[in-house]
Amino acid sequence: MSIESKVQEIEILFSRLEAELQTFTATTHLFCNVGCGKCCTNPTMEASPLEFLPWAFHLFKIGEAESILEKLNNHSNPICYNYNPISDLDLHNGSCNTYKYRGLVCRLFGYGATKDKFAQLRLATCSIIKEQQTENYNKTNEAINNGLSVPIFTDYYMNLSQIDFRLGNVYVHINKALQLAIEEVLQYYAYRDFPEVE
Ligand code: SF4
């Protein structure tokens, strides 16, 4: 499958997830605090290279893939390269500088569910939501185990890996995933015609 087709398939998967998330948040009334970016500061966050392929493809099309790859290669901070805190003194408030092209983990975390060893669904969300919206968080966990539809991490990652097993079934530090996604696109176009520019 060409890179363009993979990117298209990933974007279709992300659109489906967005629609599911919209319904889920409208039903549960769970919400992230405005300006909060705490989940992006997790220094051990992992992702697959495939979920950042649309991001890497976009960078390639605008001629920034090589320069960003070089910056990533010299980037030693374990926090996601794409995260912009509002200041060095307030790391937990900030935003993603490429929100439109964020990965699957970024989209799922907060409102997606995982299954425990007893096959019970549990919302994978942050301590802020658990502490500040405790009643709602508990009600939501109960509701999802009583049939409320919720995006499930393993389902979405399985769908993702079906697009490209090699790139979708490996989980590495998020900055490594960004790096591998760019390398994939650069290698692909090393001997092919450029895609159409946006
Ligand atoms: S890509 Fe954006 S949303 Fe995802 S972890 Fe990095 S900064 Fe956060």
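The model is predicted. The ligand sits in the largest pocket. Helix α2 is mostly covered, with 9 of its 9 residues buried.

**The ligand site**

- The residues around the ligand are C40, M45, F52, C80, N82, Y83, C96, R102, C106 and I174.
- Sorted by class, this shell has 8 nonpolar, 1 polar and 1 charged residues.

**Helix α2: covered along its length**

- How many residues of α2 are buried? The count is 9 of its 9 residues.
- They are L53, P54, W55, A56, F57, H58, L59, F60 and K61.
- These buried residues pack against α1, α3 (65-73) and α9 (174-189).
- G63 follows α2, and its phi is positive, near 75 degrees.

**W55, a residue of α2**

- W55 lies in helix α2, which spans residues 53-61.
- W55 counts as buried because its relative accessibility is 3%, and the cut-off for buried is under 20%.
- Which residues does W55 contact, leaving aside its neighbours within four places in sequence? They are I68, L72, N82, T98, Y101, L178 and I182.
- N82 from that list is also one of the residues around the ligand.
- W55 and Y99 are 44 residues apart in sequence, but their C-alpha atoms are 9.6 Å apart in space.

**Helix α6: one buried face**

- Helix α6 covers residues 134-144.
- Its buried residues are Y137, T140, N141 and I144.
- Seen down the axis of α6, these buried residues fall within an arc of 100 degrees, so they line one face of the helix.
- An α-helix has 3.6 residues a turn, so residues three or four places apart point the same way.
- On the other side of α6, E135, K139 and E142 are exposed.

**T140, a residue of α6**

- T140 is part of helix α6.
- Is T140 buried or exposed? T140 is buried, with a relative accessible area of 3%.
- Not counting residues up to four places away in sequence, T140 touches F24, T28, L30 and L123.

**Helix α7: another buried face**

- Helix α7 runs over residues 153-163, and its buried residues are F153, Y156, Y157, L160, S161 and I163.
- Viewed down the axis of α7, the buried residues fall within an arc of 140 degrees, so they line one face of the helix.
- T154 and Q162 are exposed on the other side of α7.

**F153, a residue of α7**

- F153 belongs to helix α7.
- F153 counts as buried, at 13% relative accessibility.
- Leaving aside neighbours within four places in sequence, F153 is in contact with L108, F109, G112, A113, T114 and A124.
- G112 is one of those contacts. F153 and G112 are 41 residues apart in sequence and 6.1 Å apart in space, C-alpha to C-alpha.

**P85, a residue of a strand**

- P85 is found in strand β2, residues 83-87.
- P85 is partly exposed, with a relative accessible area of 27%.
- P85 touches D90, L91, N93 and G94, not counting residues up to four places away in sequence.
- P85 and P195 are 110 residues apart along the chain, and their C-alpha atoms are separated by 33 Å.

- Most residues other than glycine have a negative phi.
- H29 is not a glycine, yet its phi is positive, about 65 degrees.
- Where is H29 placed? H29 lies in the loop between α1 and β1 (46-47).
- H29 is exposed, with a relative accessible area of 54%.
- A119 is also a residue other than glycine with a positive phi, near 65 degrees.
- A119 lies in the loop between β4 and β5.

Definitions and conventions
Residues numbered from 1 in each chain as written. Predicted model: local features only at pLDDT ≥ 70, side-chain atom pairs only at ≥ 80, totals over all residues. Heavy atoms only, no water. Near = heavy atom within 4 Å. 1 Å grid on protein atoms, 1.4 Å probe; cavity = no way out; pocket = protein on both sides within 12 Å on 5 of 7 lines; lining within 4 Å. Sits in = over half its atoms within 2 Å of the grid points. Nonpolar A, V, L, I, M, F, W, Y, C, P; charged D, E, K, R; others polar. Buried < 20%, exposed > 50% of the residue type's maximum accessible area, 1.4 Å probe, protein only. Helix = DSSP H or I, 4+ residues; strand = E, 2+ residues; numbered from the N terminus. Arc of directions from axis to C-beta. Contact = heavy atoms within 4.5 Å.
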